[in-house]
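Me: I would like to learn how to read a protein model feature by feature. Could you walk me through one?

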Amino acid sequence: MSNCQSCPVRGRAICASLDGDELAAFSRMARHQRVPAGHTLIWEGEDVPLIANVIGGVLKLVVAAADGREQIVGLVFPSDFIGRPFGKESPYRVTALTDAEVCIYNRNSFDAFAAAHPHLQHKLLRRTLDELDRARYWMLLLGRKSASQKVASFLLEMSDRLARLDRKEAGFELPFGRQQIADILGLTIETTSRQLTRLRADGIVDLPSRRAVVIHDRGAMERMAG
């Protein structure tokens, strides 16, 4: 059983709409699970018996192409939602990029609870629409933008998602290395490294370490992202 009252993402997760009694009932349905980096939580094309809130860490959504290659089609951060309520098969594999923690619910129990609590369904719908908007943006990022636009767009997205978690104004720590960034953006690691070096040389960002990023000129970054 999970303790929802002490959950670090309580105010941002879908369960934020529940009152005390509802939250207590919701908490009794949940179990906490650690997901080591590289471990797969949900497999593509399989029936998914679980729903999960991400408590910590970052997970990737992966789809296998016809030629066997894999494409990362999304990232999942703390307070994000995983699974298919009122559905069955997953269209993608969910694998931990970093060590992660999730709060897991049985899908059937979750569906029944959501059906009895319309405000939770409303929160779930809003979250789903936000994810749809992100997926459409991801399609634009991967399909139409240049390498420099991809890297700039990616860093802006990471700043929005991670700087808030780190409670920093402009700096954040990436939870993955350059090879993984290249995989996410559909670039080579050489191209990704060149773009990062260019951003640093132009004074737009600082890269204090292999994973630390500080954005000095957000306006220039946004113009580069197009």
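Predicted model: local features only at pLDDT ≥ 70, side-chain atom pairs only at ≥ 80, totals over all residues.

Me: Where is L125 placed, and how is its accessibility classed?

Reply: Buried means under 20% relative accessible area, exposed over 50%, and partly exposed in between (1.4 Å probe, protein chains only). L125 sits in helix 3 (residues 118-144), and it counts as partly exposed because its relative accessibility is 48%.

Me: How many helices and strands does the chain have?

Reply: Both are DSSP runs numbered from the N terminus: helices are H or I with at least four residues, strands are E with at least two. Here the chain has seven helices and 11 strands.

Me: Which strands form the open sheet, and in what order?

Reply: Two strands pair if DSSP finds at least two bridges between them. The open sheet has four strands in the order 2-7-4-5, with antiparallel pairing. Strand 2 and strand 5 (70-76) stand at the edges with a single partner strand each, so one side of each has no neighbour in the sheet. On average, neighbouring strands of this sheet are turned by 35° against each other, direction ignored; axes are lines fitted to C-alpha atoms (for helices, over the stretch in contact), and angles run from 0 to 180 degrees between N-to-C directions.

Me: What does strand 7 pair with, and which way do its residues point?

Reply: Strand 2 (residues 40-42) runs antiparallel to strand 7 and is joined to it by two bridges, with T40 partnering T95. Strand 4 (residues 59-64) also pairs with strand 7 in the antiparallel sense, over four bridges, and there V62 partners R93. Within strand 7 (residues 93-96), R93 and T95 point one way, V94 and A96 the other, and all are buried.

Me: How many salt bridges are there, and which residues does the network link?

Reply: A salt bridge is a side-chain nitrogen of Lys or Arg within 4 Å of a carboxyl oxygen of Asp or Glu. The structure holds seven. One of them joins E101 and R34 at 3.1 Å, N to O, linking strand 8 (residues 100-106) with strand 1 (residues 31-35) across 67 residues. R34 counts as exposed because its relative accessibility is 61%, while E101, at 25%, is partly exposed.
The network links D80, E157 and R161. R161 and E157 have their closest N and O atoms 4.0 Å apart and lie four residues apart in helix 4 (residues 147-166), about one turn of the helix. R161 is buried at 10% relative accessible area, whereas E157 is partly exposed at 24%.

Me: Why does the overall size agree with a compact globule?

Reply: The radius of gyration is taken over C-alpha atoms, and the globule rule is 2.2 Å times the number of residues to the power 0.38. For 226 residues a compact globule would be near 17 Å, and the chain has 18 Å, which agrees. Buried residues make up 48% of the 226.

How values were computed: Residues numbered from 1 in each chain as written. Heavy atoms only, no water.
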